[in-house]
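Biologist: Hi, I'm new to this one. Can you put it up and walk me through it?

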Amino acid sequence: MVCQYGEQLEKLVKEAEPYAAEGKVADYIPALAKADQGILAVSIFDGKETCFSAGHSSEMFTLQSISKVLTLALALMDHGEEVVFDKVGMEPTGDPYNSIAKLESLVAKPLNPMINAGALAVSHLIKGESTEERLERLLQLIRKMSARPSVTYNREVAQSEFNTADLNRSLAFFMKQHRIIDENVDQLLDFYTKQCAIEVDCDDLARIGFVLANGGKNEEGEEIIPFEIARLVKTFMVTCGMYNSSGEFAIRVGIPAKSGVSGGIVGAVPNSIGIGIYGPALDEKGNSVAGMKLLEALSSYYHLSIF
């Protein structure tokens, strides 16, 4: 597809692809271990036209931690800031995303919604009488943002994650003991693992990023997320979105972004474009190795940094 990004975008992808060899797929979740380590794909959506940079741009993958951004938006829409931030903080952490250490020193209140403990606390707040109702409400939001009515979740990945979620269960039980959450832990884990297993492609992710970039509105001007919530979400993406690489990422790339251990990255350049990237080979912190290099190159070449 010919557009303003065109051949240069293809070139940047080709230059970033070799970095995939430096990472490894997330094999601690058995279903994710099947991914092709060498894949790298990107889509950019500017509200008018979508530009694919590689032949793998239609490859489906699961949101994983990218879902944290969307559940945060939905929880804020359900309850407002006061209720949500009574359960979870606003500060970045230098610890791994699945660490329990800070919970013990903060009376079990997670530091932010982008770490696993914080995402579990936020998921607990999503309205619904059952996992199915909560999940359907989240899916409806994602379907509106991505403009794809068929978005659903991958049952194999969800079950694989549920079966191997012992550390997340520990986080949830710890928070239940301290009354951050007050529901059945396996019920919460059922919802959490299914939301992480929601499937998208790069095009979907770029459209989701565009809605966040565009103050919560889609390309037709329809408000899907209130402006202030879109602003809050983008702020968390800057400060906490790339696990404990967020500080360096802000300096080198400067784009509000959120990654997931499937290798996906969503980017939202305010008042500009949405970016969707997929590269399943991860670094030691859980970010796509080639995807990070590609985003850095995109930011530098097209002057996308917000700073």
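Predicted model: local features only at pLDDT ≥ 70, side-chain atom pairs only at ≥ 80, totals over all residues.

Biologist: Okay. So is Lys 34 buried or exposed?

Modeller: Lys 34 counts as exposed, because its relative accessibility is 62%.

Biologist: And what does Lys 34 form a salt bridge with?

Modeller: Its partner is Glu 156, and the closest N and O atoms are 2.4 Å apart.

Biologist: How exposed is Glu 156?

Modeller: Partly exposed: the relative accessible area of Glu 156 is 44%.

Biologist: How many salt bridges turn up in the whole structure?

Modeller: A search finds 14. One of them joins Asp 203 and Arg 207, with the closest N and O atoms 3.8 Å apart.

Biologist: Where do those two sit?

Modeller: Both are in helix 10 (residues 202-213), and because they are 4 residues apart, about one helical turn separates Asp 203 from Arg 207.

Biologist: Are they buried or exposed?

Modeller: Asp 203 is buried, at 18% relative accessible area. Arg 207 is buried as well, at 19%.

Biologist: What about Glu 248, which residue does its side chain meet?

Modeller: Arg 252, in a salt bridge of 2.8 Å from N to O. Both residues lie in helix 12 (residues 246-252), 4 residues apart, or about one turn of the helix. Glu 248 counts as partly exposed, because its relative accessibility is 46%.

Biologist: New topic, helix packing. At what angle do helix 2 and helix 11 pack?

Modeller: Helix 2 (residues 67-79) and helix 11 (residues 227-240) pack at about 145 degrees, and their axes are 10 Å apart. The crossing is right-handed.

Biologist: Which residues meet there?

Modeller: From helix 2 there are Val 69, Leu 72, Ala 73, Leu 76 and Met 77. Facing them from helix 11 are Ile 229, Leu 232, Val 233, Phe 236 and Met 237.

Biologist: And by class, how many of each?

Modeller: The contact of helix 2 with helix 11 has 10 nonpolar residues, with no polar and no charged ones.

Methods:
Residues numbered from 1 in each chain as written. Heavy atoms only, no water. Axes fitted to C-alpha atoms, helices over the stretch in contact; angles between N-to-C directions. Left-handed = near helix turned anticlockwise from the far one by under 90°. Contact = heavy atoms within 4.5 Å. Nonpolar A, V, L, I, M, F, W, Y, C, P; charged D, E, K, R; others polar. Salt bridge = Lys/Arg side-chain N within 4 Å of Asp/Glu carboxyl O. Buried < 20%, exposed > 50% of the residue type's maximum accessible area, 1.4 Å probe, protein only.
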